[in-house]
Amino acid sequence: MKKVLLLINPVSGKLKAKSELFDVIQVMTSHSVIPTVMMTRRRGEAKDIAASCARSGKFDAIFCCGGDGTLNEVITGVVSSGASLPVGYIPAGSTNDFAAALGLPLELPAAAASACRALNAGQSTLLDVGRFNSARNFTSVASFGAFASSSYTAPQSMKNMLGHLAYVLEGVKDFFAIEPIHVKCTVKGGECREGEYV
């Protein structure tokens, strides 16, 4: 039996995590995975919980049920803990870009089953984690400039109701305020790009 922290953001996406929680738990237990369920109550809490649980050594993995932002917090928490702990993703966000890019199932029970099978088989996929200014991690996409803030400023209530369209509408508000930003980017190997970018 594997022990997993199932960390849920109950307000992500269109609230699928709340309505399908029992299905996810049933799938996990049928795959001999015993979940300890915790729900976040505020932005940033997933990072703190993930770091603490990763350091505790009590779990074989952390499964994140939420959106891309919740996943980013969990990965940041695990990385900051210094522990080497697998992270499973059960996508329940508004757009689930990360899961779609990796070809993960987008239905919660199917995603839970996939994560459980991988954990039980000892299979994992190593992914790069990038970092801005030694302070903020990112997993698949990092953006700045025009429309970048829309993913942070779109109200949760609009994301719950409209899904991806909430980001588009939030971005439209910024359309006439677009200005270039000076950026300097150094990548592994020392290559450097610098300039004004939109």
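Colleague: How many residues does α6 have, and how far does α6 reach from its first C-alpha to its last?

Modeller: In this predicted model, α6 has 14 residues and reaches 20 Å from its first C-alpha to its last, which is close to the 20 Å expected at 1.5 Å a residue.

Colleague: Which residues of α6 are buried?

Modeller: The buried ones in α6 are L108, A111, A112, A113, A115, C116 and L119. As background, an α-helix has 3.6 residues a turn, so residues three or four places apart point the same way.

Colleague: And what comes just after α6?

Modeller: Just after α6 you will find G122, and its phi is positive, at about 75°.

Colleague: Let's turn to α2. How do the axes of α2 and α6 cross?

Modeller: The axis of α2, residues 21-30, and the axis of α6, residues 108-121, come within 9 Å of each other and cross at roughly 25°. Because angles under 35 degrees count as roughly parallel, α2 is roughly parallel to α6. The crossing of these two helices, α2 and α6, is right-handed.

Colleague: Which residues meet there, in α2 and in α6?

Modeller: From α2 the residues are D23, V24, V27 and M28, and they meet L108, P109, A112, A113 and C116 of α6. Sorted by kind, the residues of this contact between α2 and α6 are eight nonpolar and one charged, with no polar residue among them.

Colleague: Where is S32, and what is its phi?

Modeller: S32 lies in the loop between α2 and β2, and it has a positive phi of about 60° although it is not a glycine. For comparison, most residues other than glycine have a negative phi.

Colleague: New topic, then: what does α3 pack against?

Modeller: Helix α3, residues 45-56, has 12 residues and reaches 17 Å from its first C-alpha to its last, close to the 16 Å expected. Its buried residues are E45, A46, I49, A50, A51, C53 and A54, and the buried residues of α3 pack against the strands β1, β2 and β3 and the helix α4. After α3 comes G57, with a positive phi near 75°.

Colleague: And the whole protein: how many helices and strands?

Modeller: The protein has nine helices and eight strands, and of its 198 residues 38% count as buried. Among the contacts with a separation of 6 or more, 65% are between residues 24 or more positions apart.

Note on methods
Residues are numbered from 1 along each chain as its sequence is written. This is a predicted model: local features need pLDDT of at least 70, side-chain atom pairs count only at pLDDT 80 or more; totals for chains, interfaces and linings use all residues. Side-chain values use heavy atoms; hydrogens and water are left out. Helices (H or I, at least four residues) and strands (E, at least two) are DSSP runs, numbered from the N terminus. The expected span of a helix is 1.5 Å times one less than its number of residues. Buried means under 20% relative accessible area, exposed over 50%, partly exposed in between (1.4 Å probe, protein chains only). Contact means heavy atoms within 4.5 Å. Axes are lines fitted to C-alpha atoms, for helices over the stretch in contact, and angles run from 0 to 180 degrees between N-to-C directions. Angles under 35 degrees count as roughly parallel, over 145 as roughly antiparallel, 65 to 115 as roughly perpendicular and the rest as oblique. A crossing is left-handed if the near helix is turned anticlockwise from the far one by less than a right angle, and right-handed if clockwise. Ala, Val, Leu, Ile, Met, Phe, Trp, Tyr, Cys and Pro count as nonpolar, Asp, Glu, Lys and Arg as charged, and the others, Gly among them, as polar.
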